[in-house]
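Here are my notes on the model you sent over. Have it open while you go through the points.

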Amino acid sequence: MESMHISPVSLRGHHLICLHFFNGEGYRPNFVANLRNILERAETGEQINICEGADDICSACPSLQEKRCRYSEDSEKEIKEMDRAAIELLHIQSHVKISWLAIKERIPEIFASWAGKFCRECDWFAVCRNNKVFTRLLDEKAQSEF
Ligand code: SF4
C-alpha cells in the first residue's frame, strides 16, 4: 500500500535514543497520540530523517515556542547537547536517512554511556524505569552508576 506521508519521519538526535523507552506517557494526550503515530511509522519501516532542532515529536509539544524548547530556562541548550551526544554515540550524521531498526540495534552498545551521562538527572527517568528494555539495559550495563 502506498504511504500517505510524503516526507520521511524527522527525528532529532536525543529522540533517536529516548523514544526506544516510550511507555505511553507524555505531556498531554495529543502529544502522546502524535508520538505513537511517529513511532508506528518508524517501526513499520518509514525512513528516519535525522534533523537538527525541533522535530516531528517536538511539533506537538507544549514547550515548543518559536521553534525553541521552553521547558526550562536552559532546556534549549541542554537538549541540543543531548542531540549532539546521541549523534556521536550512534555514529551517524545529521541530514542523512536511516531505518529505525538500524538505530535500535545500536542501543544496547551505547546505552551505558548514554545513561551514565544523561538519565540520572532527567525528569523522565522514573518513567523510563517502567520500561522493560530500559530496566534490562540498566541492569546489564549501568546499574553501578545509579
Ligand atoms: S531517562 Fe531521560 S535521557 Fe534517559 S532515556 Fe529516558 S528520557 Fe532519555
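1. The largest nonpolar core has 28 residues, and Leu11, Leu16, Ile48 and Ile57 have the most contacts inside it. By nonpolar core I mean buried Ala, Val, Leu, Ile, Met, Phe, Trp, Tyr and Cys residues joined through C-beta atoms within 7 Å; buried means 20 or more other C-beta atoms within 10 Å of a residue's own, with C-beta atoms placed from the backbone.

2. Several elements give two or more residues to this core: β1 (9–12), α1 (13–18), α2 (29–43), β2 (48–51), α3 (75–89), α4 and α6 (132–142). The largest share, six residues, is from α4. Helices (H or I, at least four residues) and strands (E, at least two) are DSSP runs, numbered from the N terminus.

3. A word on the source: this is a predicted model, where local features need pLDDT of at least 70, side-chain atom pairs count only at pLDDT 80 or more, and totals for chains, interfaces and linings use all residues. Residues are numbered from 1 along each chain as its sequence is written.

4. What does Leu11 touch, leaving aside neighbours within four places in sequence? Leu11 is in contact (C-beta atoms, placed from the backbone, within 7 Å) with Leu16, Ile48, Ile50, Cys51, Asp55, Asp56 and Ile57.

5. Now the sheet: it is open, with three strands in the order β1-β2-β5 and mixed pairing. Strands pair if DSSP finds at least two bridges between them. β1 and β5 (97–98) are the edge strands, each pairing on one side only. β1 and β2 run parallel over four bridges, and Ser10 sits opposite Asn49 in β2.

How values were computed:
Buried ≥ 20, exposed ≤ 12 C-beta atoms within 10 Å, placed from the backbone. Contact = placed C-beta atoms within 7 Å.
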